[in-house]
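Biologist: Please take me through one part of this model up close. I want to start from a single residue and its partner, then see the chain around them.

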Amino acid sequence: MSGFRRLVRAEWTKFRTVRGWVLGLVAAVALTAGLGLQAAAGSHASCGMGAVEVACPAPPVGPGGEAVTDRFFFVHQRLDGDGAITARVASMTGRIRKPDERPGVTNLVPGVVPWAKAGVMVKDGTRQGAAYAAVMVTGGHGVRMQHGFTEDRAGTAASAPVWLRLVRSGDELTGFESPDGRTWAEVGTATLAGLPESVRIGLFVTSPGDLTFSQDVLGGTVAVQRFTEATAAFEQVGVRGAATGGAWSHDDVGVTVGPGGAPHHPGRHVRQGDTFTVTGTGDIAPAGDEGGMRAEQTLTGLLAGLVVVVVVAAGFAAAEYRGGLIRITLAAAPGRGRVLAAKAIVVGTVTFAAGLAAAAVTVPLGVRVLEANGNRVLPVSLLTGARVVVGSAALLALAAVLALALGALLRRGVLAVAVAVAVIVLPYFLATVSVLPLEAARWLLRLTPAAGFAVQQTVMEYPQVAGHYAPVLGYYPLPPWGGLAVLAAYAALALGLAVAALRRRDA
Amino acid sequence: MSRLLRAEWTKLRTAPGTGWLLAAVVLVTAGVGAAVAAALADPPYDVARTALAGIVAGQAVVAILAVVSVGGEYGTGMIRTTLTAMPRRGGVLAAKAVLLCGLTLAAGSVAVLGSLAAARLLLPGGEALSLADGPVLRAAAGSVLYLALAGLLSLGVAVAVRDPAVAAGTVLGLLYLPALLTFLVRDAGWQRLLYRVSPMNAGLTVQVTEPAGLPLGPWEGLAVLAVWAAGALGAGGLLLRRRDA
Amino acid sequence: MEATIEVAGLRKRFGEVPALDGMSFTVTPGRVTGFVGPNGAGKSTTMRVVLGLDAADAGTALVGGRPYRSLRTPLAHVGALLDGAAPQPGRTARHHLLWLAHSQGFAGRRVDEVLELAGLAAVARRRAGGFSLGMRQRLGIAAALLGDPPVLMLDEPFNGLDPDGIVWMRGLLRSLAAEGRAVLVSSHLMSELEDTAGHLVVAGRGRVVADTSVADLIEAASGGRVTLRTRARAEAMETLARAGATVAATGRDTLTAGGLAAERVVELLTRDGVPFAEVSAHRATLEEAYMDLTRDAVEFRGAAR
């Protein structure tokens with residue numbers, strides 16, 4: 001093993017004594033940090049309040065620390081301690097805004113979007129982002145039990161009319177459904193840790209925007225969210241428990257208020273005895289792209305750094321073949337596989353270190369700059385942030401090893417650079433901004449080395465949230481480390497082929 | 001000039017990679033175009049542009065062809081022989097540019113015709129593609145010109161940078177990165193600015209059949225790329241004349 | 001056109017290091033001019049300046065009275081073999097010469113002639129990448145002869161040649177000069193030029209240290225020293241010292257005397273009756289003469305141990 005250590009040391013000496021390579025690494029760090037911070041400094045956001053520009057409000061944050069959307073119409077009363085609410089959702093109707101046919105005339109058509117929700121809820125107050133659990137019927141996805149903004153459990157595929165019941169016992173909530181109000185089936189249980197004694201219990205309706213996709217004139221697709229609202233009729237509403245004597249109050253949770261103080265797209269309700277007709281718009285879900293910028297967007301400069309690193313690594317391998325240095329190298333160390341392994345270790349380590357330095361500075365600093373400029377940035381946990389930084393460094397290192405292997409395999413720096421860029425950057429480009437349909441784009445990010453970019457993702461795709469889960473918005477088809485593993489597999493494959501070729505060929 | 005052209009032509013013709021790279025321009029362009037066409041189930045928003053999507057990949061091969069045509073000489077030192085035989089350095093670069101341009105136009109035409117043929121067979125909505133249609137003809141001819149200009153841009157960069165691997169990285173970075181950043185930056189002002197100045201986005205505007213709403217018109221966009229190519233060739237030519245070989 | 005190379009007052013710096021520091025010399029037709037000097041003396045830089053590849057900071061370099069870059073068919077005026085200007089490995093020898101011929105408007109027939117001349121006809125269709133160093137040198141010579149030029153400038157042409165090749169190269173250089181061409185040949189090894197060059201330009205630290213014929217150089221370096229072999233060393237030393245010579249014992253029965261011609265030494269010894277076995281005038285080799293000249297001009301000398 002000490003022989004191999006010597007080999008690594010020799011390759012390291014070879015690397016650090018060529019000024020162009022060292023400068024290349026410095027340039028990679030500078031480009032990554034410089035472009036990222038430059039873009040952050042250039043992104044300003046403010047929210048208009050009529051003629052007045054004000055700082056955008058921070059998005060509400062859910063119990064898990066993630067940015068959430070929390071908007072719905074809530075008819076509720078106080079519940080102290082254990083209790084339950086039962087209601088029959090008799091009907092669910094709604095309206096969807098379509099593109100105006102005549103300018104200036106709002107075109108609303110009847111309809112309910114698949115993820116419109118009507119049901120019963122227990123929530124820790126009416127503050128946006130407060131903990132909750134709810135059982136509901138949806139426009140097209142049957143009965144669901146949801147809590148904590150991200151958790152979702154399917155019940156039957158029933159649609160209104162349907163009976164719903166939510167039972168609180170301590171911090172445990174259980175949802176039930178019934179076709180007739182007599183035979184009940186459990187939908188799911190949620191434990192809301194730290195739920196206080198006194199909570200709000202009641203009926204809610206909300207309806208997310210209608211999502212349509214169209215081709216962006218600049219390339220790629222854009223998603224348009226159109227206003228929708230849902231109206232549900234609740235019958236035979238009954239609350240059991242130590243409530244405040246059946247005094248109902250109501251809140252349009254999360255409603256946006258216009259410049260004149262009037263609510264924008266308000267919800268409403270009508271009560272007739274124990275029958276309530278509730279209308280709401282919005283969603284109760286993790287926030288996607290609309291919640292703010294993603295932390296990894298500060299790392300767009302990493303692409304430039306990656307290209308530089310590819311050039312350096314390919315050059316490090318191909319330089320052996322210019323002027324016959326390889327013969328000296330192999331005379332000094334005849335184990336050909338070991339020579340290449342030593343090279344890969346050196347290139348991988350130095351690029352990892354450079355990437356780590358660049359990302360560790362750029363991400364926190366870039367987020368600060370973005371926020372200082374009034375941009376909302378989706379909060380990420382410390383662990384996720386660390387994964388983005390370390391993963392980006394690993395992405396750079398693996399790209400470098402891939403380029404090194406290609407350089408040794410093709411023996412020409414220019415070809416190695418072109419192939420490396422073509423297999424890493426080109427698929428990423430095609431998947432994010434080209435004319436490809438979403439599914440084809442996802443396959444590109446599963447099968448090509450560009451899958452490695454998944455390690456940067458900070459947003460997750462949720463089946464219960466209709467969203468524009470496009471790669472350009474930071475959604476990848478593979479999990480972060482899974483995507484990086486694909487890139488690692490390509491790098492390993494290329495390295496293996498290069499070792500085989502080096503062993504077979506005359507130097 | 002005719003001697004310079006003849007000499008550079010002999011050089012290109014007898015270099016082992018030229019034929020392969022020209023074939024690769026056609027295969028990669030038409031192949032990627034066909035793959036995109038086959039991947040689509042519904043007629044795309046812009047049929048002609050989608051049919052010609054392979055240009056995005058084909059330009060990388062054109063870039064290699066251009067980089068290799070000068071980078072190879074610097075790599076071996078043969079550039080000294082070249083400049084000893086042909087001391088008019090500007091003329092040497094001009095001859096290389098003319099020949100590269102001619103070869104790329106030829107290969108690009110075949111590639112574009114191949115892409116359109118593939119689209120007529122495979123692309124939903126592609127049956128109606130016809131070069132008799134003005135915007136389609138503009139997209140097709142513009143794509144061929146795009147390849148030639150991308151080649152000239154690469155040639156200029158390669159002469160300026162000299163090291164072929166660094167030149168390849170610079171050119172491909174210059175083409176792909178601003179184009180990517182245009183979409184990764186979600187700020188609308190930045191997007192339009194980047195779109196206007198990035199050689200690839202601006203240049204490929206020529207493929208758009210209905211350019212309403214774009215920051216640039218089709219020919220305007222190609223002109224942006226032409227400015228890039230002229231700038232790179234100018235800088236390369238200046239450095240070539242000023243520098244010791 | 002006149003077959004000359006005129007270099008006058010060339011200066012050039014690479015950063016802090018002066019590469020050329022007033023280099024001036026003229027190469028005249030009809031003989032082989034050796035351009036010698038230690039590594040780093042500025043030989044290759046001078047040649048590159050003459051060929052218009054590098055620009056000098058000051059001074060002029062003319063070929064046949066004209067700057068190189070003004071020549072319309074430069075290869076018909078000057079043939080050059082450059083160090084570190086290898087042909088691209090993927091191209092065959094013949095194709096390499098063909099594009100060069102086309103650049104000057106020469107017919108392809110000439111290519112086959114120079115291939116024959118350089119002894120490469122058998123490998124004309126092989127890729128230059130597979131060539132040995134010697135074959136590459138021959139290909140470079142073929143390229144230099146392509147335009148049948150009156151001036152030839154060859155940088156280290158003996159590099160990589162085998163003994164047969166060295167003999168061939170010497171013969172070729174001599175015959176080219178005999179045809180009335182001006183031939184400038186650089187080398188850092190004097191011995192390679194021993195029987196070939198008639199004239200020498202010795203460079204050191206970017207300027208000309210000596211510009212002389214080979215005969216004069218050797219004469220100057222020999223410096224009138226006489227080697228004497230005698231059984232009576234002490235007496236001989238005394239006799240010669242009294243006559244004003246600087247005498248040094250070099251062995252048990254040998255000594256050298258400086259400042260006296262061989263004839264005078266014989267005369268003195270005979271007069272005083274000192275027996276001696278052998279008197280020989282010392283003749284410096286070209287190598288010695290060259291070492292004498294360049295001793296001060298060596299840039300990179302091995303450290304003394």
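What is the relative accessibility of Asp21(C)?

Modeller: Asp21(C) has a relative accessibility of 24%, so it counts as partly exposed. The cut-offs are these: buried means under 20% relative accessible area, exposed means over 50%, and partly exposed lies in between, with a 1.4 Å probe and protein chains only. Some ground rules come next. This is a predicted model, so local features need pLDDT of at least 70 and side-chain atom pairs count only at pLDDT 80 or more, while totals for chains, interfaces and linings use all residues. Residues are numbered from 1 along each chain as its sequence is written, chains are lettered from A and ligands numbered from 1 in the order in which they are written, and side-chain values use heavy atoms, with hydrogens and water left out.

Now the partner. Asp21(C) forms a salt bridge with Arg11(C), and their closest N and O atoms are 2.7 Å apart. A salt bridge here is a side-chain nitrogen of Lys or Arg within 4 Å of a carboxyl oxygen of Asp or Glu. This pair links distant parts of the chain. Asp21(C) sits in strand β2 (residues 17–27) of chain C, and Arg11(C) sits in strand β1 (residues 5–14) of chain C, ten residues apart. Strands (E, at least two residues) and helices (H or I, at least four) are DSSP runs, numbered from the N terminus. Arg11(C) is partly exposed as well, because its relative accessibility is 41%.

Arg242(C) and Asp272(C) meet through their side chains in a salt bridge of 4.0 Å, N to O. Here helices are joined: Arg242(C) lies in α7 (residues 233–242) of chain C and Asp272(C) in α8 (residues 262–272) of chain C, so the pair ties together parts 30 residues apart in sequence. Arg242(C) counts as exposed because its relative accessibility is 56%. Asp272(C) has a relative accessible area of 32%, so it is partly exposed.

Some salt bridges share partners. Glu11(A), Lys14(A), Glu320(A) and Lys343(A) are joined into one network that way. Another pair in chain A is Glu296(A) with Arg294(A), where the closest N and O atoms are 2.9 Å apart. Both Glu296(A) and Arg294(A) are buried. Over all chains, the structure holds 32 salt bridges. The general idea is simple: side chains of opposite charge can pair when their charged atoms come close.

Last, step back to the whole of chain C. This chain has nine helices and 13 strands. Its C-alpha trace spans about 75 × 45 × 45 Å along the principal axes. The domain assignment gives domain 1 (5–77 + 149–219) and domain 2 (224–281). Such bounds come from an automatic or database domain assignment. The C-alpha centres of domain 1 and domain 2 of chain C lie 42 Å apart. Of the 305 residues of chain C, 50% count as buried. The accessible surface of chain C is about 13,600 Å², and 50% of that belongs to carbon and sulfur atoms. Accessible areas come from the Shrake-Rupley method with a 1.4 Å probe, and for residues only the protein chains shown count as cover. Contacts (heavy atoms within 4.5 Å) can also be sorted by separation. Among the contacts in chain C with a separation of 6 or more, residues 24 or more positions apart account for 68%.
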